Amino acid sequence: MSIKQPILIIFLILNFFISSAQWVNCNGPNGAEITCVGVKGNLILAACSTGYSSSWGQLYRSTDLGETWGDVVCSNGYEYTDIAIMDSIAFFSTSNNRVFRSLDSGLTWTVSLFVSSANNNTFLTIVGNQLFAAGAFGVYRTTDGGVTWTNASSGLPAQTVLDL
């Protein structure tokens with residue numbers, strides 16, 4: 001038996017297992033581009049973009065790991081740019097420098113941070129018990145679940161921060 005035969009057998013076995021892994025439709029948001037997703041435990045928040053300026057996007061929520069979905073009413077009029085879930089508090093950011101906060105797993109939302117009226121994307125990052133928001137306004141940080149925010153841009157150049 002040459003060395004080629006055992007390698008071929010191993011390749012065929014591995015190929016079988018790799019090809020048997022399949023994506024399964026989870027009845028999620030259909031008909032739009034998913035722009036960002038946040039997951040914590042059984043909670044999944046998915047933001048979709050329709051691409052039409054009159055209806056930039058819609059936020060969908062699942063509390064059973066994607067088996068069922070409901071849309072969340074958040075008429076902010078701008079595109080969703082990021083989602084972060086910190087402990088029991090959910091956040092999403094928009095293309096108009098706003099960060100929204102939910103204390104009830106995404107059922108209702110309030111503005112947590114608004115820096116300027118410029119229309120620029122805002123991005124979120126969690127580090128430990130801190131949430132950072134970054135965008136054309138620099139970087140802001142909250143350590144109390146989005147109740148208060150402080151400017152954390154010291155030492156950064158005065159340019160748009162695209163991600164953290």
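## Hairpin of strands 6 and 7

Three residues lie between the strands in the hairpin of strand 6 and strand 7, and Asn97 takes a positive phi near 60° there. Strands here are DSSP runs of E with at least two residues, helices are runs of H or I with at least four, and both are numbered from the N terminus. Strand 6 and strand 7 (residues 98-102) pair in the antiparallel sense over four bridges; two strands count as paired if DSSP finds at least two bridges between them. Within this pairing, Ala90 stands opposite Ser102 in strand 7.

## Basis of the report

The structure is a predicted model, in which local features need pLDDT of at least 70 and side-chain atom pairs count only at pLDDT 80 or more, while totals for chains, interfaces and linings use all residues. Residues are numbered from 1 along each chain as its sequence is written, and side-chain values use heavy atoms, with hydrogens and water left out.

## The chain as a whole

The protein chain has one helix and twelve strands. Read from the N terminus, the order of its elements is α-β-β-β-β-β-β-β-β-β-β-β-β. Of its 164 residues, 38% count as buried, meaning under 20% relative accessible area; exposed means over 50% and partly exposed lies in between, with a 1.4 Å probe and protein chains only.

The protein chain exposes about 9,900 Å², of which carbon and sulfur atoms supply 56%. Accessible areas come from the Shrake-Rupley method with a 1.4 Å probe, and for residues only the protein chains shown count as cover. Among contacts (heavy atoms within 4.5 Å) between residues at least 6 apart in sequence, 36% join residues at least 24 apart.

Strands of a sheet pair through backbone hydrogen bonds, either parallel or antiparallel. In this model, an open sheet of four strands has the order 5-6-7-8, with antiparallel pairing. Strand 5 and strand 8 (110-114) stand at the edges with a single partner strand each, so one side of each is left without a neighbour in the sheet. Direction ignored, neighbouring strands of this sheet are turned by 25° against each other on average; the axes are lines fitted to C-alpha atoms, for helices over the stretch in contact, and angles run from 0 to 180 degrees between N-to-C directions.

Strand 5 (residues 80-86) pairs with strand 6 in the antiparallel sense over six bridges. Tyr80 stands opposite Thr94 in strand 6, and Met86 stands opposite Ile89. Two residues lie between the strands of this hairpin, where Asp87 takes a positive phi near 55°.

## Burial of strand 6

Strand 6 (residues 89-94) is mostly covered, with six of its six residues buried. Ile89, Phe91 and Ser93 point one way from the strand, whereas Ala90, Phe92 and Thr94 point the other way.

Val39 is found in strand 1 (residues 33-40). Together with Ile34 and Val37, Val39 forms a nonpolar patch on the surface, with about 250 Å² of accessible area in total. Patches are made of residues with over 30% relative accessible area and no salt bridge, joining like charges within 9 Å and nonpolar side chains (Val, Leu, Ile, Met, Phe, Trp, Tyr) within 5 Å. A salt bridge is a side-chain nitrogen of Lys or Arg within 4 Å of a carboxyl oxygen of Asp or Glu.

Gly57, in strand 3 (residues 55-62), is buried with a relative accessible area of 19%. Its C-alpha atom is separated by 9.1 Å from that of Glu33, 24 residues apart along the chain. Gln130 has its place in strand 10 (residues 130-135). Not counting residues up to four places away in sequence, Gln130 touches Met86, Thr125, Arg141, Thr142 and Thr143.
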